[in-house]
Amino acid sequence: MKIACLGGGPAGLYFAISMKLRDPGCEVDVYERNRAGDTFGWGVVFSDQTMENLQANDPKSAQAIGDSLAHWDDIDVFHKGHKETSQGHGFCGIGRKKLLNLLQDRASELGVGLHYEQEVSDDLSAFSDADMIVASDGLNSKIRTQFAETFKPDIEIRENKFVWLGTHKVFEAFTFIFTETEHGWVWAHAYRFDDETSTFIVECGPETFDKLGLAKMSQEENARFCEDLFSEWLDGHELMTNSSHLRGSAWLNFPRVLCENWVHDNIILIGDAAHTAHFSIGSGTKLAIEDAIMLADTLCDSNKPLSDGLLEYQEVRKVEVLKLQNSARNSTEWFENIDRYINFPSRQFAYSLMTRSQRISHENLRLRDKSWLESIEQWFAADATATP
């Protein structure tokens, strides 16, 4: 089988690796528009479960990734001068560039053809000899747009604004920081992904964004503004931007993508081209990896016709994606409606934040951090007793 992967992010690279592991004789080529060393964004979050999936599929690349991971168990919430810490959450991070380099090395080792600075146009005739085209060209997929009548994408632009920044302040816990300005609340999602760097995502509502004039600032001015706003937690470290590929201030609105169909003739969508999950639950790479593994399994299953296998792949994965997108929607709406919760007492606010997506239930929190949850229960009980 001859396969062309159009897009060299985690989805395309990990699919190529997974396919070569199952069928070393197949011909797989990955085409990426950027140079090998180019990447944007900062860290990628994995759960322990994602690492187990990697280990089961390819122990060698899982080992290389595992050796580069930054681990944390705690979540810190800073709110109105108070800090709440919950333990036992089991997450890890890795720099996006480091992850891509490791996957590139593993793919090359397995015989995958890697082609950089290859811009894919609307004309796919260059890949006419491919048995399968894997559209792994990300959130702004040109292939999904080209065949929109078949894929039927549903793209919902969420209202909050956010910007991806980085810092050399190392956050040892996954950290949420909420700070008030004269025009409303602004908050950060921060986590380290190596020994010296952290991702620092800043988010706010659209009205606050407009009143603060953030759209009129350059990327550098925005970084300095956010740096000043969160200086109490940055310990003198700068905030950095690597979004020179984006026009303007680099603030974005998150697009939730879901496609009715993922298959068009011999073209199949994978990863962010097919679906997205809001950054506040950190599962985009998880979904891409799971797509890659199942698609490779499907293509190497000789017990059923390929068309039947691809349909089954699509339907199974869509169910899993919808489960995660439901959680992501809950999380997204929590942040979009922050005014409902921001004046809660800090313990109640932190509990609401922890359980916002409904992926973490009350009893799940008990398993993760019994002591913290019991302190919350005792506080609620005492508050209820004191209320006339």
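1. A question to start with: is Cys-92 buried or exposed? Cys-92 counts as buried, at 0% relative accessibility; here buried means under 20% relative accessible area, exposed over 50%, and partly exposed in between, with a 1.4 Å probe and protein chains only.

2. A word on what you are looking at. This is a predicted model, in which local features need pLDDT of at least 70 and side-chain atom pairs count only at pLDDT 80 or more, while totals for chains, interfaces and linings use all residues. Residues are numbered from 1 along each chain as its sequence is written, and side-chain values use heavy atoms, with hydrogens and water left out.

3. Now the surroundings of Cys-92. His-71 and Cys-92 are 21 residues apart in sequence, yet their C-alpha atoms are 4.2 Å apart in space. His-71 is found in strand 4 (helices, H or I of at least four residues, and strands, E of at least two, are DSSP runs numbered from the N terminus). With a relative accessible area of 47%, His-71 is partly exposed. Leaving aside neighbours within four places in sequence, His-71 is in contact with Gly-66, Phe-91, Cys-92 and Arg-192, where contact means heavy atoms within 4.5 Å.

4. Strand 3 and strand 7 (residues 91–95) run antiparallel and are joined by five bridges, and Val-44 has Ile-94 in strand 7 as its bridge partner.

5. Another open sheet has six strands in the order 8-2-1-9-17-16, with mixed pairing. Strand 8 (113–115) and strand 16 (263–264) are its edge strands, each pairing on one side only. Strand 9 (residues 132–135) and strand 17 (residues 267–269) run parallel and share three bridges, with Ala-135 standing opposite Leu-269 in strand 17. Helix 11 (residues 306–336) packs on the sheet, touching strand 9, strand 16 and strand 17, and its direction makes about 15 degrees with that of strand 17. Helix 1 (residues 10–22) lies across strand 1 (2–6), strand 2 (27–31), strand 8 and strand 9, running at about 170 degrees to strand 2.

6. Which residues have the most contacts inside the largest nonpolar core? They are Ile-3, Leu-6, Phe-15, Phe-46, Ile-65, Val-134 and Leu-295, in a core of 67 residues. Such a core is a set of buried Ala, Val, Leu, Ile, Met, Phe, Trp, Tyr and Cys residues joined through side-chain atoms within 4.5 Å. Helix 10 (residues 284–299) gives the most to this core, with nine residues. Apart from it lies another core, of 25 residues, among them Trp-72, Phe-349, Ile-360 and Ile-376.

7. Strand 13 (residues 198–204) deserves a look. Seven of its seven residues are buried, so strand 13 is largely enclosed by the rest of the structure. Ser-198, Phe-200, Val-202 and Cys-204 point one way, and Thr-199, Ile-201 and Glu-203 the other. Strand 10 (residues 153–167) pairs with strand 13 in the antiparallel sense over seven bridges, and Trp-164 has Ile-201 as its bridge partner. Strand 12 (residues 184–192) also runs antiparallel to strand 13, again with seven bridges; these two form a hairpin with five residues between them.

8. Finally, the cysteines. With a disulfide taken as a pair of cysteine sulfur atoms within 2.5 Å, the count comes to zero. Cys-26 is in no disulfide, and the nearest cysteine sulfur, that of Cys-300, is 6.6 Å away. Cys-26 is buried, with a relative accessible area of 3%.

Terms used:
Pairing = 2+ DSSP bridges. Axes fitted to C-alpha atoms, helices over the stretch in contact; angles between N-to-C directions.
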